[in-house]
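Visitor: Hey, can you walk me through a bit of this one? I've got the picture open.
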Amino acid sequence: MPEPYDVITMGRIGVDLYPLDVGVPLARVETFGKFLGGSPTNVAVAAARLGRRTAVITRTGRDAFGEYLHQELQGFGVDDRWVTEVEEYPTPVTFCEIFPPDDFPLHFYRQPKAPDLEIHPPELDLDAVRDARIFWMTGTGLSAEPSRAATLAALQARSENPAREFRTATVFDLDWRPMFWDGGDHSSGAPARYREALAHATVAVGNIDECEIATGEREPHAAARALLAAGVELAVVKQGPKGVLAIHRDGSTADVPPLPVEVVNGLGAGDAFGGALCHGLLAGWDIARIMRYANAAGAIVASRIACSSAMPFPDEVERALAEGAVTEDIATGPSGAAS
């Protein structure tokens with residue numbers, strides 16, 4: 001039997017085109033950097049940087065950008081065997097604007113439909129999904145068919161035999177992107193889809209807005225309790241500058257402040273947090289240690305322009321924790337993502 005993956009993620013992928021000029025409106029930007037993008041794909045990269053064996057289930061267009069994404073995944077050590085092509089749709093492109101410390105507008109080009117929403121249930125390697133120590137899916141995958149059916153099929157496969165030998169967690173990244181849903185912010189279907197997925201997950205991760213879509217609650221402790229009531233074992237509520245709250249069904253709680261950092265680009269920090277969360281869960285750490293480590297990983301990426309190529313290595317995270325902040329030498333460290 002093949003060795004189970006540490007982490008399999010499923011969902012969005014694309015090309016990020018980020019301005020190399022900070023504080024300049026998109027209309028005036030002249031130079032961009034090209035990067036692998038898409039939240040669950042970045043989580044796989046982040047976990048791979050921390051030494052984990054990872055793979056991603058997604059789809060690209062049959063085009064040069066799709067070829068580029070395969071090259072990047074391979075370069076980052078992420079298995080791309082389940083990254084397949086869709087003839088009908090182009091590989092998505094995402095632009096952002098960078099206005100530190102907290103304004104990073106995103107411009108998604110995913111029309112008429114993104115290939116990653118064309119994942120079909122029969123294409124899934126359900127044995128690999130069942131056996132993965134962590135399976136990570138996102139709210140975006142529930143926004144349209146056939147991706148919705150495929151995502152739920154993967155979750156169902158995880159639920160069929162919850163006592164698998166190597167199982168660690170089934171993570172639902174709430175990942176609320178209203179522009180991907182019919183009805184946008186007023187989508188009537190999203191809350192029901194989220195509840196359906198939560199019934200199969202063991203860990204839920206989201207910010208306040210995402211928790212509100214999933215549970216109707218905005219107060220962090222109330223949102224965490226509502227996520228636990230929906231079926232998960234660990235609820236992680238990200239609060240931005242207030243840090244992160246994590247509550248486990250066993251009663252253990254961690255309320256961890258953020259790590260000081262001079263923010264360059266906040267995009268991708270949540271994905272670094274996710275990869276580090278997976279790393280800590282796989283290591284069997286207590287939730288306070290996991291949250292501190294994940295906060296540090298996220299802060300490091302926030303100090304850099306890029307997302308995927310900015311994901312930190314273990315020594316960088318440990319240095320940030322030891323320093324108690326993301327110092328300039330860490331921000332411009334050996335992963336070289338700050339320039």
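Predicted model: local features only at pLDDT ≥ 70, side-chain atom pairs only at ≥ 80, totals over all residues.

Visitor: Okay, strand β9 then. How many of its residues are buried?
Guide: Five of its five, so to speak: β9 runs over residues 134-138 and is mostly covered.

Visitor: Which residues sit on which side of β9?
Guide: I134, W136 and T138 are on one side, and F135 and M137 are on the other. Both faces are covered.

Visitor: What's behind that every-other-one pattern?
Guide: In a regular strand, side chains alternate between the two faces of the sheet.

Visitor: Which strands does β9 pair with?
Guide: One is β1, residues 7-10, which pairs with β9 in the parallel sense over three bridges. Another is β10, residues 169-173, also parallel to β9, over five bridges.

Visitor: Is S39 buried or exposed, and why?
Guide: S39 counts as buried because its relative accessibility is 6%, and the cut-off for buried is under 20%.

Visitor: What does S39 touch, leaving out residues up to four places away in sequence?
Guide: R12, D173 and D271.

Visitor: And which of those has a polar contact with the S39 side chain?
Guide: D271: a polar contact of 2.7 Å joins the two side chains.

How values were computed. Residues numbered from 1 in each chain as written. Heavy atoms only, no water. Buried < 20%, exposed > 50% of the residue type's maximum accessible area, 1.4 Å probe, protein only. Helix = DSSP H or I, 4+ residues; strand = E, 2+ residues; numbered from the N terminus. Pairing = 2+ DSSP bridges. Polar contact = N/O pair within 3.5 Å; in protein donor to acceptor, adjacent residues only side chain to side chain. Contact = heavy atoms within 4.5 Å.
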